[in-house]
Each structure stands twice: as structure tokens, then as C-alpha cells.
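Here is the note you asked for on this structure, written as a set of points to read with the picture open. Please look at the structure first and then take the points in order.

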Amino acid sequence: MKESRDGIRNDRISKSSSVGSIPLILDIDDFKGDFSFDALFGNLVNELLPSFQEEDADSIDGHGNISGNDALPNGHKRASSDAAKFSQGLSAPLFPEVDALSSLFKDSCRELIDLRKQIDERLFNLKKELSVQDSKHRKTLAELEKGVDGLFDSFARLDSRISSVGQTAAKIGDHLQSADAQRVTASQTIDLIKYLMEFNSSPGDLMELSPLFSDDSRVAEAASIAEKLRSFAEEDIGRQGISDMATASRGLEVAVANLQDYCNELENRLLARFDAASQRRELSTMAECAKILSQFNRGTSAMQHYVATRPMFIDVEVMNADIRLVLGDQGSQVSPNNVARGLASLYKEITDTVRKEAATITAVFPSPNYVMSILVQRVLEQRVTAILDKLLEKPSLVNLPPMEEGGLLLYLRMLAVAYEKTQELARDLRAVGCGDLDIEGVTECLFTTHKEEYPEHEQASLRQLYHAKMEELRAESQQLSESMGTVGRSKGASVASSHQQISVTVVTEFVRWNEEAISRCTLFSSQPATLAANVKAVFTCLLDQVSQYITDGLERARDSLTEAAALRERFVLGTSVSRRVAAAAASAAEAAAAAGESSFRSFMVAVQRCGSSVAIVQQYFANSISRLLLPVDGAHAASCEEMATAMSSAEAAAYKGLQQCIETVMAEVERLLSAEQKATDYRSPDDGIAPDHRPTNACTRVVAYLSRVLEAAFTALEGLNKQAFLTELGNRLHKGLLNHWQKFTFNPSGGLRLKRDITEYGEFVRSFNAPSVDEKFELLGIMANVFIVAPESLSTLFEGTPSIRKDAQRFIQLREDYKSAKLASRLSSLWTSSS
């Protein structure tokens, strides 16, 4: 159709070229699809503009020519080349096609306007039609909505109706089910009444019963019915009361008796079948019998019968093997380690056996947990209790077992081993399975009798160990003394004392006993309050032991000091004795001094070891005891107070001994001063010889003695104890030297010698680190100047130190020129005016 239009258009164009007045025809289809204005314009002007046509042709030829006549983009065909040549051959003005183009454009514009009107009219008609259709569509949708609402209402009514019908059907179903249940119950009741009448026929007559009760293939059904009948009959008798029993329930009593006989006979028959199947390990038959027997007292008889027939409960050889495994062969020495290994092996074998039985019980019984609880309880109460009774014989607190047989300690160690291993067995059995059994409670009950008096046994054991150790130490000391023989009274006392010195090793052994006892307290005491009470009691035993031991050791060391003092007193002689007696006495005094020095050293060693022992106890309390007492209010503070109280006796003995040590040292200092100090030491003759600036021999001997003997004190004492001891000794030495120098007369050169002695003493006591003592010896050096200065200078000597004026008066009286220089009258006025 388009081709025909193109042909008509070409004809019209060709005619217009010849005539020049025929209008163009435009088609609406020219504007459809991929519209191109260039193509439309080309179709209009191709005939009138040959040059445009050739350029367009060249452009198309460059892209290839498919047919002889190329089609334009809008489907209009080209004019022939003859027409082009004709138009090219015309002689016209420069642009003669203007008029033709103008006419063409006007016609085209007019046709375009007509086409637009046609389009507008068509669009108006389409809009009108669309409006009509939209109205119809809206009306249809409204009608559909009304229909849907009605449909929903219908569905709602239908759903309500269905729900109502369903509820009615459910009620009818419940009624039908209830009626059916009542029918079944009535049927069963009829059967039960019939069976009950059979059992009610005559006492003891079970021959006329229905075949159900004698058919082995229906044993389960028979058992269920028999148990129901018996329960019903017994319940009926119970409802009637005692007053009506003679009349209303006479028949049911016969039925109850017959049912009981039948149930017993059936139960025995099933148990026999169960035993036979158990011997053959036929688990299915055993399970069937157990299920039937569960209807009689919930199967308790079958469960108990099964547990009671286990070999480990009825075989005597098993029990004997248990004893041999734990205690060893008869007559062999029983030790905790061997018992621990034996119990571990035995309990492992028990656990393995119970695990195997658990597999069978699970496969056979409807309620395996209940059977396991019976089995485990029987294991603990029979097999474990039997071995514990053989192993643990509770000793008497009145007559303790001798230490040669292990004493109470062996019993406590056995108890701890047995308790710990049995607790492990309980945990293992709990893992295997023991139902609802409180296995921990049952295990605790096995040891109740032993735990009731455990704290008393533990304390008695510690006391027994202490007494045995003391006896051992005394025997060793006595044996050593006898082996050395008697070496004289003084030496013998010293030797005996040295062999009974305090030993830190012994105190460490006390602590080790206590640690072991505390570990048992922790094992046996689950409650914090009970544990704290037991720990406090056991720790108190240690305090008593250590206190008594170190106090006795200090007292023995004091005895040596006392004996040395007695030796010194024995050899104090008067002035009028012969030289021979004096020499013998001097020799004996030297021996007494040696004994005193040895006793001093021994006591210092005892004090040092005492301090070490107390430190060990304090460290043990801090590390092991305090944390166990803290959970209970007041327990920690009470133990600290007890510890201080227990050590007070040792402190008192140590204090007395240190006082004796000072007395011993001062007695030897006085002896050395008396023996070595000469009158000429401080009143040398004025013979023109240069004065001796060395310390006197007495001073040298005293300082050497003090340096030697106090070496032990410097090592043994520490802290405030050392400071107090050396301060007291320094004060006593100061006082003793003052009293000693009161016996001599001093000239100026002797005063210089005295000042040298005081300097030597002062340098020595400076090692005491006692400021008060240092000050006293410094004042002594100042007072020694009273022997050196001229009489007229004495008044100015003490102007800066009035505190020593009283002692200075005594020193001035010792001047050689005190009387000749009339110093008494010269200074009396000075002292009076100064005071």
C-alpha cells in the first residue's frame, strides 16, 4: 500500500515538474516509526533540486546500491536520471526552483495542518472513548468490591459455622470417648467381678479358676488382673470398717486370701523363671519376667532378689580375697601405703563389677535407676563395710596402742587412707550410676563412729608422739653421757647440758606431725566451723609441745649457769690463806670460769634455737593455719592469743637465763679485775721513766674475755632482745668498773693510765650500739681528768657537766694528794655554793 502511495506521489511529482501546480500528498504513516526530518525534506525537494539529489545519491552509493532504484529513508523512490538531465539542461535563472519550492512548501504546510487536525480529531475521539471506558471500569470495580465484601461476610459466617460444628463434634467425640471408656471399664469390671467371684468360691481352692490364671502365655495379663483384684478387695475391706467386717466383707476376705496365695505362687514362679534365665544369661526372658513382676509391689521383690543373688554378696571366697588384697597375707606388716594400693585395686574391681551389672540391669529392669541404687547401697553396706571393719579397729583413748605397733598414728593414717579411697569409690560409682541414692551420705555413715572421736584421737596421737620423742632424746643423751664417762662434775654438767640442747630439727618434726594432722582435719571436716575447731585444737597441741620443749631446753641451759655460779661461790676465799691454798683455789676458779663461759655459750645457743623454733611455728601458722581459721569469726584472733600465751613461759625462762648470763659475765669480769689489777697500775712511782700509755693488763684481759664470750650473744640475739641485753650488760659493766676503781689510789700518771683503760672499755662497748652506755663511758673519761689536773683547776673541771659531780666527789677522794693538798676543805665550799 505504501508502494502504491509512493508511485502515485512520484507520478504527481513528475507531473508537477512538467505542469508545476499539482499539490503534494503527505501520509500520516510517514511520521510513524523512526521519523527523520532530513528524509522527509529530501522526498519533497528531490525533483526540484537535482544537485541535492546527486549529492544524496553519491552518499547512498558510497554505502552500496542494492537495487537499481534506491529507496529513500521514508520509502519514496528517486526520480529517473532523464528527468534530472532534463532539468539540468534547462536554461533558467540562477535559482529557478524557488517558486516551485515555495509552492511546494505552502502545499506541504497546508497538508500538515490538515494532518494535525485529523490527528487532533482522532485524539479527541480516543479521549472521549477512554473516558467512557474508564467510567465503565470504575463502575465494574465498585460492583466487584461489593461482591468481595459479601463474599467475606459469607466466609466469616461459614467459618463461625464450621467452628460451631467442630466444637459440637469435639463434645460429641468426648462423650463418645467417655462412653467408650465407661463401656470398656464396665466390661473390665464385669470380667473382674467374674474373676473375683471365682477367687471367692472357697478358701484355698485355686483349681476352679479361669484358664487365664493357669496359661503361661498370659502370665502378664493374669498378674495384672490378680493385682487389681487384690487391691480392690483390700480397699473394700478397709472401707467397711471393723464393726461391719464380720458381715459385709466376709466374702471378700476369702477372695483376698485366695488372691494373696495366687499372687505369691505366681511371684515365686516368675522369680524361679527369672533365676533360670539369669543363669542362662537370657536377657529377654529376664526382662519379660521383671516387667511382669513390676506389677507386684512395683517389682521390689525381683530387684532385691537380683541384687541379693550377685556372687560378690554370697561368695565367701570373694570376701576373703578382698581381705587378702587389702591387708596382705596373714602376719605381714600392714602399712598405709600398702593399704592404699590394696584399696585402690579392690575399689577398681568393685567399680568394674558394678559397671558390668549396670549394663545387665539397664537391659532387664523397667526401673534400672532404682535397681542401681539398691545394688550400690548393698555394695557399700556389705562389701565395703566388711573390709573397713577388718582394717579399722577403733583404739581406746585410755589404753593407747604402743608406739612399737605404730601407736595412734597408724590408726589415723589407716583411717585417712580408707576414707579418701572410699570417697573416690563413691565418686566412681556415682559416675557409673546409682539412681537417687545419696551415695555421699551413705559413705559418710560408714565412718560415723570413727569421726565422732576423731579430734580426741588426733590430739592424743600428737601427745603420744611427743612423749615418745622426749624419751628417745633422753635415752640418746644418757647413752652418750655414759659412753663418754665421768670427766668431773663441772665438765660432766656441761657435757650433759650440751647433749640436751634445743634442736630446731626436733621442732621441725613437731611441725611436720602437725601438718599431717591438719591435712587429716581438712579431709574429715567438710563444714568450715567444724574444720576451724579441729584445726585450732590440733594447732594448740603444737603450741603446747613447742612451748614445753623450748622451755625445758632453756631451763636445762639455766641449770648449767646455776651450777657454774655454785662452782664460783665454792672457791671464794678469805684473805688469810696460805699461798698453796690460794694457788689451788685460783686453779679451781679458772675451772669454774671455764664452766661459766661454756654455760654462757650453751645458753646463747639455746636462745638462738628457741628464736628459730618460734619463727618456724609463726611461719607455719601464717602459711597453713590462718587461712583455715579465717572463715570463723574470732578463731584467728583466739589462736594468735594462744600462741602468745604458750610462748610466754619460754620468754620468762629466756629472760631469767639472760639475767644469769649477765651475772656470769660480770662475775668473771670481777674475778679478772681482782686477779690482774695491781695497785701500781694507777700509782706508778715518779722515777723519771716515761709513763706507760698502754691499757693495764686487767683491762686487756677483761676486754679480751668480753670480746670472746659476747661473740655468742651477738650471734644468738637479734632485734630488741639483743639491744636490751647489751644495754643491761653495759650498765652493769659501768657500775662494776666504778666499784672496782674505788679500791685504788691515783696519781697523775695513774690517772692517764686510767683514762687509757676507760678509752679501751669505751671503744669496746661502742659495739653494743647502746647510746646510753656510750654516754656513761664518755662521762667516765671526763671524770678521770680529776686525777690529772692540778688541785686548783678542779673547781672548773665540771662546769660543763654538773651531772657527774656526785661521782666526781668520790673520784677526787681517790687522788694521792687528797689529804696533803687538803682538797676536802678546799672543795667543800665549792660543792656547797654550787648546790
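This is a predicted model: local features need pLDDT of at least 70, side-chain atom pairs count only at pLDDT 80 or more; totals for chains, interfaces and linings use all residues.

1. The protein chain has 28 helices and zero strands, and buried residues make up 38% of its 835 residues.

2. The surface and the contacts of the whole chain can be described in a few numbers. The accessible surface of the protein chain comes to about 46,900 Å², and carbon and sulfur atoms contribute 54% of that area.

3. Helix H19, which covers residues 504-524, packs against helix H20, residues 528-570, at an angle of about 170 degrees, and their axes are 10 Å apart. That angle makes H19 roughly antiparallel to H20, because angles over 145 degrees count as roughly antiparallel.

4. Which residues of H19 meet H20? On the H19 side they include Val506, Phe510, Trp513, Asn514 and Cys521, while the H20 side includes Leu531, Asn534, Phe539, Gln545 and Tyr549. By class, the residues of the contact between H19 and H20 divide into 15 nonpolar, four polar and no charged.

5. A second pair is formed by helix H24, residues 719-741, and helix H25, residues 748-765, which pack at an angle of about 165 degrees with their axes 12 Å apart. H24 and H25 are therefore roughly antiparallel to each other, and H24 passes H25 in a right-handed crossing.

6. In this second pair, Leu733, Leu737 and Trp741 of H24 meet Leu754, Ile758, Tyr761 and Val765 of H25. The contact of H24 with H25 has seven nonpolar residues, and it has no polar and no charged residues.

7. Finally, please find Val384, which lies in helix H13, residues 368-391. Is Val384 buried or exposed? Val384 has a relative accessible area of 0%, so this residue is buried, given that buried means under 20%.

8. What is Val384 in contact with, once its neighbours within four places in sequence are left aside? Its partners are Tyr347, Ile350, Val379, Thr422, Leu425 and Leu446. Val384 and Leu446 are 62 residues apart in sequence, and their C-alpha atoms are 8.7 Å apart in space.

Note on methods: Residues are numbered from 1 along each chain as its sequence is written. Side-chain values use heavy atoms; hydrogens and water are left out. Helices (H or I, at least four residues) and strands (E, at least two) are DSSP runs, numbered from the N terminus. Buried means under 20% relative accessible area, exposed over 50%, partly exposed in between (1.4 Å probe, protein chains only). Accessible areas come from the Shrake-Rupley method with a 1.4 Å probe; for residues, only the protein chains shown count as cover. Axes are lines fitted to C-alpha atoms, for helices over the stretch in contact, and angles run from 0 to 180 degrees between N-to-C directions. Angles under 35 degrees count as roughly parallel, over 145 as roughly antiparallel, 65 to 115 as roughly perpendicular and the rest as oblique. A crossing is left-handed if the near helix is turned anticlockwise from the far one by less than a right angle, and right-handed if clockwise. Contact means heavy atoms within 4.5 Å. Ala, Val, Leu, Ile, Met, Phe, Trp, Tyr, Cys and Pro count as nonpolar, Asp, Glu, Lys and Arg as charged, and the others, Gly among them, as polar.
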